[in-house]
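Here are some friendly notes to read alongside the structure. Please keep the view open and follow the points in order.

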Amino acid sequence: MSGRLEATFQRLRDKKEKALIAYLMAGDPGLAETEQLVVALEQAGADIIELGVPFSDPIADGPVIQQAAERALKSGTSLRKILNSVKSLRQRTEIPIVLMLYYNSIYAMGYEAFCSAAKSAGVDGLIVPDMPPDEAGPLKGPADAAGLPLIFLLAPTSTPSRRKLVAEESHGFVYYVSLTGITGAKLSNVTDIQQNVQKLKKVSASPVAVGFGVATPEDAAQVSKMADGVIVGSAIVKRIASHQQDPAMVGHVAEFVRSLKAAMAPA
Amino acid sequence: MSTSILPDRHGRFGPYGGRYVPETLMPALLELEEEYAKAKKDRRFQTDLAYYLKQYVGRPTSLYRADRLTKKLGGAKIYLKREDLCHTGAHKINNAIGQVLLALRMKKRRIIAETGAGQHGVATATAAAMFGLECEIYMGTEDMQRQALNVFRMRLLGAKVTGVDAGSRTLKDAISEAMRDWTTNVRTTHYILGSVLGAHPYPMMIRDFQAIIGKEARKQILAAEGKLPSYLVACVGGGSNSIGLFHAFLGDRTVKMIGVEAGGTGVASGKHAARFSGGKPGVLQGTMTYLLQDENGQINLTHSVSAGLDYAAVGPEHSLYHDQGRIEYTSATDAEALSAFDLLAREEGIVPALESAHAIAQVVKLAPKLKKSQVIIANLSGRGDKDVQQVARMRGVEL
């Protein structure tokens, strides 16, 4: 049901490549820049864009993404404006775009109104970090009806029964959280990641992407050997933050993404 | 009404409650729920809890007949449930002791907590010290400033106090930061949430630990008056002292209950924490409940003179009783609370916490309208020593 997402993973599998999933906080520093970044990062090698919707109280995020959300809210970003940006991006690019947003942003708009608006804007999937599969019931119907896959997260603390639940409920891909912690923490315990991803792949029909803590080309290279996709968030957002006033910001960030993708090239 | 079966097995109080947390925390919440269910049936756990509540906390707390206040207001007979007489000066210790005992069962030797006014932080630091556990308390930097005394107390008790400099720098931000710590250290750490908030099983478990307030009060008022009260009044931040007092009376149809939220500078001013008059349902920090939010679901900044009531959400069980009309919710402004603070000090020789002063402010409005034969029980959830410095500062007195 996820045209662009599925096609992308298929195309990469054929080339024996792994997906680079680049996270951007929508509206940081402004939505015009976000649109430029999406196009530039695609050209630099990003395969999928994960677009963060700023929320005032992001419990799953570390300071880097929290501060990006604060900047985005200050610049007047809202979910409706983000959907408009996605719609206008769809005239320029076919890169899969998944939204990462907190439950209350969806709830405030209404499940059905949100799902149909997101689908018609050209969104390809939803990641809701404070919605485990156990609480997904009310959103699932409208999301299925609109053809929007729900992407769930699995953590190192997850038990086998939860692994099964997440694998069954997750569509598009499964998001494996590499560490017990929040976004932007340091990558650790690569052996654990490998073992957990292997277990997950055994029960999951969808591709597995690994995120949280992937900060450098070396990290990306390592993780890309274990999983179908690598998600890089805080490390990208940090570069956007440190080049806020720099007209060459988009170029700097694209350069970093190019180095990530290069490191993930099959040996 | 049968309330003993709430929440359901999904942690729902009607449409409210649930478990809206990152997957990383789900196993810990499920473990906590299971362990709590076992502890509840374990006679040893219950005996230990009863022992510490009696010998360490000083329970039962008294139900004090406030004769001078009654006379001054000239209506209903007023009783105060004296939670301010608990060790550490507020009801928060009832929950902290219960949860530390649970942490010990789960072999978690590190305790974290959030705090607003500092009372829950002090209670947690106290319980952790008594059991020799490592303790870290998260507190908004705005609250650290207005509750400097409690910050110092927590440090005296051996806790690490970590300031949170995000968002409104108050209770909400302290909870988010504690949740992040818990997400990171969940294998070794137990998070002692301080109010009937957050993901299941917290709202249920904390209610159960606080329900002793109402169980005692119900017995005490029957002994003193031979009848049930007409009204119960308590302040509502997250809502633990209020649900603690109300819970044992929910089946008594003749007993009316009023929860008092922080009216700040007035609900019309927008600077308040009155969730039921200014908010609507949504999801914040693990639970679905009434929230102060804008049309996009962003959480609004709140305001109250009292740090303990200065929070954008309310416990999910309260949201259900609000919708059902079982409990009436109203608010008292900063000015009304400050005036009740003075009144209780002068008439009864009791300096209430600014939180509890909101309940007294409602008693001031309610008592004169009732008959002398009627009885009100107000929950005096905490003592006001922690607020003396802030009130002095507001009145231009340097201490």
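1. A term to start with: two strands count as paired if DSSP finds at least two bridges between them. Please also keep in mind that this is a predicted model.

2. With that in hand, turn to the sheet in chain B. Its 4 strands form an open sheet with parallel pairing, and the order is E7-E6-E5-E8. The edges are taken by strand E7 (160-164) and strand E8 (189-191) of chain B; each has a single partner strand, so one side of each is left without a neighbour in the sheet. On average, neighbouring strands of this sheet are turned by 25° against each other, direction ignored.

3. One pairing is worth a look in detail. Strand E5 (residues 110-115) of chain B runs parallel to E8(B), and 3 bridges join the two. Which residue is the bridge partner of B:Ile112 in E8(B)? That partner is B:Tyr191.

4. Helix H8 (residues 171-185) of chain B lies across E5, strand E6 (134-140), E7 and E8 of that chain. Relative to E5(B), helix H8 of chain B runs at about 160°.

5. Is B:Leu49 buried or exposed? The cut-off for buried is under 20% relative accessible area, and B:Leu49 has 9%, so this residue is buried. Leaving aside residues up to four places away in sequence, B:Leu49 touches B:Ile97, B:Gly98, B:Leu101 and B:Phe209. B:Leu366 is 317 residues from B:Leu49 along the chain, and their C-alpha atoms are separated by 36 Å.

6. Now for chain A, whose secondary structure comes to 12 helices and 9 strands. A compact globule of 267 residues would have a radius of gyration near 18 Å, so the 17 Å of chain A agrees with that. The C-alpha trace of chain A spans about 45 × 40 × 35 Å along its principal axes.

7. How much of chain A is buried? Buried residues make up 61% of its 267 residues. Of the contacts in chain A with a separation of 6 or more, 74% are between residues 24 or more positions apart. Chain A exposes about 9900 Å², and carbon and sulfur atoms supply 52% of that area.

8. Finally, see where the two chains meet. The contact takes 37 residues from chain B and 36 residues from chain A. About 2800 Å² is buried between them, with 52% given by carbon and sulfur atoms. In chain B, the residues that lose the most area to chain A are B:Glu23, B:Arg180 and B:Gln298, together 24% of what that side buries.

Methods:
Residues are numbered from 1 along each chain as its sequence is written. Chains are lettered from A and ligands numbered from 1 in the order in which they are written. This is a predicted model: local features need pLDDT of at least 70, side-chain atom pairs count only at pLDDT 80 or more; totals for chains, interfaces and linings use all residues. Side-chain values use heavy atoms; hydrogens and water are left out. Axes are lines fitted to C-alpha atoms, for helices over the stretch in contact, and angles run from 0 to 180 degrees between N-to-C directions. Contact means heavy atoms within 4.5 Å. The radius of gyration is taken over C-alpha atoms; the globule rule is 2.2 Å times the number of residues to the power 0.38. Buried means under 20% relative accessible area, exposed over 50%, partly exposed in between (1.4 Å probe, protein chains only). Accessible areas come from the Shrake-Rupley method with a 1.4 Å probe; for residues, only the protein chains shown count as cover. Buried area is the accessible area (1.4 Å probe) that two parts lose on being put together, summed over both.
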